[in-house]
Amino acid sequence: MDARSCRNCGRLFNYIQGPPICMACKQKLEDKFIQVRDYIRENDSASMQQIAEENDVSVKQLKQWVREERLVFTKNSPVGIECEGCGKMIKTGRFCDHCKNTMANNLQAMYAMPVKEEPTKKEKGKDRMRFLDQS
């Protein structure tokens, strides 16, 4: 196991995976997330700055939850973040639908099995070894 100092409070803890924060700070962060989620459900027209101020959470943390798709805003909400691909405003995730489809198509094309064409009858004889007559 790996012993690390918590990024938030400085206590030592056994690090396994994820962000380098102790279990107590993870629980506090999860409680803040639930508080923010409930606030957004009640105030769906609140701005990102207003949500951060009312719930004592940084805007950076809010954007991280949105990118992780833990927070989703309604279509009529003024809150949005930029797509990492094209810069279009989106309500959740990292990429807009167009960029997701483009990436999926690119991956499919990259892993597509190449179609091997059968040689025609005339081309079959071209690959054979030839011997010269020794007469």
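A residue counts as exposed when its relative accessible area is over 50%. Tyr 111 reaches 64% relative accessibility, so Tyr 111 is classed as exposed. Keep in mind that this is a predicted model.

**Surface patch**
- Tyr 111 belongs to helix α4, which covers residues 97-111.
- Together with Leu 107 and Met 110, Tyr 111 makes a nonpolar surface patch of about 390 Å².

**Aromatic pairs**
- Two aromatic pairs are counted in the model.
- One of them joins Phe 13 and Tyr 15 in an edge-to-face arrangement, with 6.4 Å from centre to centre and 75° between the planes.
- Phe 13 and Tyr 15 are both buried.
- Phe 33 and Trp 65 also pair up: their ring centres are 5.2 Å apart and their planes meet at 75°, so this pair is edge-to-face.

**Charges over rings**
- Tyr 15, a partner of Phe 13, has Arg 4 lying over its face, 3.8 Å from the ring centre.
- Phe 33, a partner of Trp 65, has the charged end of Arg 70 over its ring, at 3.9 Å from the centre.

How values were computed: Residues are numbered from 1 along each chain as its sequence is written. This is a predicted model: local features need pLDDT of at least 70, side-chain atom pairs count only at pLDDT 80 or more; totals for chains, interfaces and linings use all residues. Side-chain values use heavy atoms; hydrogens and water are left out. Patches are made of residues with over 30% relative accessible area and no salt bridge: like charges are joined within 9 Å, nonpolar side chains (Val, Leu, Ile, Met, Phe, Trp, Tyr) within 5 Å. Accessible areas come from the Shrake-Rupley method with a 1.4 Å probe; for residues, only the protein chains shown count as cover. A salt bridge is a side-chain nitrogen of Lys or Arg within 4 Å of a carboxyl oxygen of Asp or Glu. Helices (H or I, at least four residues) and strands (E, at least two) are DSSP runs, numbered from the N terminus. Buried means under 20% relative accessible area, exposed over 50%, partly exposed in between (1.4 Å probe, protein chains only). Rings of Phe, Tyr and Trp (its six-membered ring) pair if their centres lie within 6.5 Å; planes under 30 degrees apart count as stacked, over 60 as edge-to-face and the rest as tilted. A charge sits over a ring if NZ of Lys or CZ of Arg is within 6 Å of the ring centre and within 35 degrees of the ring normal.
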